[in-house]
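Subject: Structure handover

Hello,

Here is the structure I said I would send. My notes on it follow below.

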Amino acid sequence: MSITEYFNLLWTDYTLRTITLGTAVLGAICGMLGSFAVLRKQSLLGDAISHAALPGIALAFLITGAKDSGVLLMGALVSGLVGTFWIRGITNKTHLKSDTALGLILSVFFGFGMLLLTFIQKQPNANQAGLDKYLFGQAATLLESDVLLMIIITAISLFVMLLFWKEFKILLFDAEYTKTLGFNTKFIDVLITFLIVLAIVLGLQTVGVVLMSAILLAPAAAARQWTNNLSIMILLAAIIGAVSGVLGTAISASQNNLSTGPVIVLVAGVFVLFSFIFSPTRGILFREIRLRKNRADMKLFKTLQFMYGIALEHENISHPHAIRILNNFQGYTRGSLQKLENEGWITIQGQQWAMTAKGYKQAQEIYNQKSSQ
Amino acid sequence: MSHPQIEIQLIAAIVAMACAIPGVFLVLRKMALISDAISHSILPGIVLGFFLTQDLNSPLLILLAAFTGVITVVLVEFIQKTGLVKEDTAIGLVFPALFSIGVILISKNANDVHLDVDAVLLGELAFAPFDRLMMNGTDLGPKSLWVMGSILLATIILLLLFFKELKISTFDAGLSSVLGISPVVMHYGLMSVSSITVVGAFDAVGAILVVALMIAPAATAYMLTEDLKKMILLSLLFGVLSAISGYWVANLLDASISGSIATTLGAIFLFVYLFAPKKGLISVLYRQKQQRVEVSLITLLLHLNRHEEESERHINHLQEHINWHAVRAKTVLDLAEKNNLVEIRNNIVLLTPKGLLFTEKSLQYILSNKDEKIEPMKEDFFLFRG
């Protein structure tokens, strides 16, 4: 199936529509809540939480014997929260740093989850097959009920976010100030973290524990490059997330043997790369162009100033001088002289240059600017 | 114990030791998550190397993959330097992208070879003894034993040679530059050793357990000591201990050996986290409680010292005046009395001469901004602590 076929089928095929809607909603909620994770410098918390959710899935299956994704995700939620609060306990109460705490919880919980998963696989009776889809995610296994659950949770998170918008925003940018204003920062903090855990758990079935954190980060990191406004950033991140979800699903569905998770991650990665390079204000490309332009301007001004120094020694500023005497000054070329003439700052006649009144004024201005700095 | 069983435990123990040494420095340099990033992003390197060599234990593959690991570090630092995103986001973006490329390469091309994603995440220690190193027809033992053994040996030699340099650049990068030891060289040296270790261990124990083996022993050891040499020895001990006990747990449950080793590491950490003598959770909480009571005690003594009038010194008054709950006031008062700092006559609290001396000394320290001197003084005055 090619990608165009996929999009044609999208309007008629029930399964495809469900899956696509699911990944779109997932991308949107992850982009929305991921913005908070990125701005709070908690990017890697998402990675730890998603890995920490694995034993919860396995335990929920072991206890209930059910493969209903609601039950499994409940288990994931509980163990994700246990992991999160243990990380907080380690960083708050001991001298271990957050990176150690994150790495430790991530790998130990994941190892425990794999221990349980392999243990389950060896059990003779169970209908255990399919639990390993939680490693890399398989969007094709999404049911309508799963998508409905996603939509409900997204709506609730959106509602909570709008309700606590002011609190979230102020905590994000000035935690100390928030405290002095009398807000319960601990509560807001726990609420944001809880929402992030919720978003991660929702994505496990589609993207898998290993790559979930990237879906959380990438849309937000891309959106951050285009704006300095929080609400626009969240909206943009949600859109980028949704588009990556849909495109990723389309690509993975159109090929054999492709898990959805890695493809969505790569699509989102392309968005990030594009934003890093082409964002007009922060992007690498335009920054480089601005840098070069500034450097060229600076050289031009330096040449002009050197000429100004020479012109000052004469009563008539427009007294012509030989280009030769600029030889001691390394910063000029034929091209830059031409540019200076084009600006109308000097006139060139043969091997002689002369400063114009306009150029004199310009040089004086630069001189004043410099001395006032 | 059968022959392969001994070999598996030996491999596990050697992998654990090889990981523990760089792990200590990563934890101390607050770079623990770099090991996570490296362990994921070497995957494309391994896949490409595998296509070239068709042998998971070939040295070329190990070098190629380790190079991918170093590239990850460079890439993360590059993104961080552009200032577009913070360091943690940079790490979080780079390794999933590289890992995804690896997964896709495997699923598109490697259907016919024995390299699948489960093996990548988990490794399979149980199979390690079957891949043997043969030379002139003689069996020299499992290949991964040789690979990891050489990596461990190289790591130990490097550690002994550069111990001083590593120590200085870890704890004081500025001083190390002044002394002519480049922190940059040390940094990339450590990154290269970590990468090679991760790649070598990855085949046996999988991408994520490598992280557990690097970080968990070091973190556990760090809870117990602040001496670098002791920390390295302790983390070697924890690594080997959990490698061997993890193996037997897995044997019992018939489950993944690497998952079981990680779980054992977690269990050991949990135990130390709770019960470590100085830094453990229980000891920290106990000390915080003790501090609270003792600060209240000093407040009480200062209050008594300041007020002559009996109404201010009446037992019932203390509760309302210093705003303590009844229980707290009683604890503090009991402690003061037990230590013979105050005596109570007709419900009026009086400072004893010893109490007066302590209070005046404390007051002097507080007034001259030397609060920290009160703490050792408590040793002299208090028979019972809060």
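Chain A has 17 helices and three strands; helices (H or I, at least four residues) and strands (E, at least two) are DSSP runs, numbered from the N terminus. This is a predicted model, in which local features need pLDDT of at least 70 and side-chain atom pairs count only at pLDDT 80 or more, while totals for chains, interfaces and linings use all residues. Residues are numbered from 1 along each chain as its sequence is written, and chains are lettered from A, with ligands numbered from 1, in the order in which they are written.

Overall form of chain A

Chain A is divided into domain 1 (3-282) and domain 2 (293-372), with bounds from an automatic or database domain assignment. The centres of the two domains, taken over C-alpha atoms, are 59 Å apart. Along the principal axes, the C-alpha atoms of chain A fill a box of roughly 100 × 55 × 35 Å.

Of the 373 residues in chain A, 46% are buried (20 or more other C-beta atoms within 10 Å of the residue's own, with C-beta atoms placed from the backbone).

Cores

A nonpolar core is a set of buried Ala, Val, Leu, Ile, Met, Phe, Trp, Tyr and Cys residues joined through C-beta atoms within 7 Å. The largest has 204 residues, and those with the most contacts inside it include A:Ile105, A:Ile215, B:Val15 and B:Leu213. Helix α1 (residues 3-28) of chain B supplies the largest share of this core, 16 residues. A second, separate core has 14 residues, among them B:Leu297 and B:Val349.

Beyond its neighbours within four places in sequence, B:Leu213 is in contact with B:Val15, B:Ala16, B:Cys19, B:Ala201, B:Val205 and B:Gly239; contact means C-beta atoms, placed from the backbone, within 7 Å.

Where the chains meet

On the chain B side, 52 residues are in contact with 48 residues of chain A. α5(B) gives the most to that side, with 13 residues. By class, the chain B side has 33 nonpolar, twelve polar and seven charged residues. Ala, Val, Leu, Ile, Met, Phe, Trp, Tyr, Cys and Pro count as nonpolar, Asp, Glu, Lys and Arg as charged, and the others, Gly among them, as polar.

Regards

Note on methods. A residue is buried if 20 or more other C-beta atoms lie within 10 Å of its own, exposed if 12 or fewer, and partly exposed in between; C-beta atoms are placed from the backbone. Two residues are in contact if their C-beta atoms, placed from the backbone, lie within 7 Å.
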